[in-house]
Amino acid sequence: MVDQLNGFSEKNQPQFSSVEVAVKTRQKVVGGFIFLDSARRIAERDLRAVESGYRWRHDPRLTTPEPIQLTDEQAGRFLNQIDCPLTILLGISGLFVGDKFHSKSQYSGNNAKVNWYEGGHHLHLENLSHEMILDIKSSLVDH
C-alpha cells in the first residue's frame, strides 16, 4: 500500500492543512460528487485535530478496496438469505442510478423494497425528508 491511503498515514501526521481542504477532498471521494454541505457535516464529525493540521478519525480500511470483490450474483445470494423484509434507501443522484441500479436490481433480494429519495450517496445528510423518516421508522417498527 502507499504511505497515504485517502487521507491516512502515521497516527498523528496531518493529512489536511485545514478543515476546508478536507471538506473539498471529501466532496470528491465517494463515487463522484457529494454536496458541499454534506461533505462539511462529514468532515466536522470525522476530523480530528493533530499537531499541525487535521486527519480522519475513522478506520482507513473503510476507504480501501476489498481484496476480494463479490460479483453481483454472489452479493445477491447473500441478500436472498435475508428472511425479514429489507428496506433499501437510495438517492436519485447517488451511486446506483439508471443502468447501474437496473443491472443490479435483480440481485437485491426477495424481500427487498427500494425507496428513492432526492440526494446522492449521503442522502440522509442532503435531504432528510419527513417521508424518509416515516419509511425508516415503519421499517424498524414493523419488523
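Trp 116 is found in strand β4, which spans residues 112-117, and in this predicted model its relative accessible area is 35%, so Trp 116 counts as partly exposed. Together with Ile 92 and Phe 96, Trp 116 forms a nonpolar patch on the surface, and the accessible area of the three residues comes to about 270 Å². The protein as a whole contains six helices and four strands, and 27% of its 143 residues count as buried.

**Overall layout and confidence**

- The mean pLDDT of the protein is 80, and a value of 70 or more is reached by 83% of the residues.
- Among the elements, strand β1 (residues 47-50) has the highest mean pLDDT, at 90, whereas helix α4 (residues 99-104) has the lowest, at 76.

**The largest nonpolar core**

- Ten residues make up the largest nonpolar core, namely Phe 16, Ala 22, Val 23, Ile 34, Ala 39, Ile 42, Ala 43, Leu 47, Trp 56 and Leu 125.
- Two or more residues of this core come from each of the helices α1 (19-27) and α2 (36-46), and α2 gives the most, with three residues.

**The two sides of helix α2**

- The buried residues of α2 are Ser 38, Ala 39, Ile 42, Ala 43 and Asp 46, and because they cover an arc of only 135° around the axis, they lie on the same side of the helix.
- Behind such an arrangement stands the geometry of the α-helix, which has 3.6 residues a turn, so residues three or four places apart point the same way.
- Asp 37, Glu 44 and Arg 45, by contrast, are exposed on the other side of α2.

**Salt bridges**

- One of the salt bridges joins Arg 40 to Glu 20, with 2.4 Å between the closest N and O atoms; since Arg 40 lies in helix α2 and Glu 20 in helix α1, the pair ties together parts that are 20 residues apart in sequence.
- Both partners of that pair are partly exposed, because the relative accessibility of Arg 40 is 23% and that of Glu 20 is 39%, and the category runs between the cut-offs of 20% and 50%.
- A salt bridge is also formed by the side chains of Glu 73 and Arg 77, at 2.9 Å from N to O, and here both residues lie in helix α3 (residues 72-80), four residues apart, or about one turn of the helix.
- Glu 73 has a relative accessibility of 43%, and it therefore counts as partly exposed.

- Although Ser 17 and Tyr 54 are 37 residues apart in sequence, their C-alpha atoms are 6.4 Å apart in space.

Terms used
Residues numbered from 1 in each chain as written. Heavy atoms only, no water. Patch = residues over 30% accessible without salt bridge, like charges linked within 9 Å, V, L, I, M, F, W, Y side chains within 5 Å. Areas by Shrake-Rupley, 256 points an atom, 1.4 Å probe, with all protein chains shown as cover. Salt bridge = Lys/Arg side-chain N within 4 Å of Asp/Glu carboxyl O. Buried < 20%, exposed > 50% of the residue type's maximum accessible area, 1.4 Å probe, protein only. Core = buried A, V, L, I, M, F, W, Y, C linked by side-chain atoms within 4.5 Å. pLDDT = per-residue confidence, 0-100. Arc of directions from axis to C-beta.
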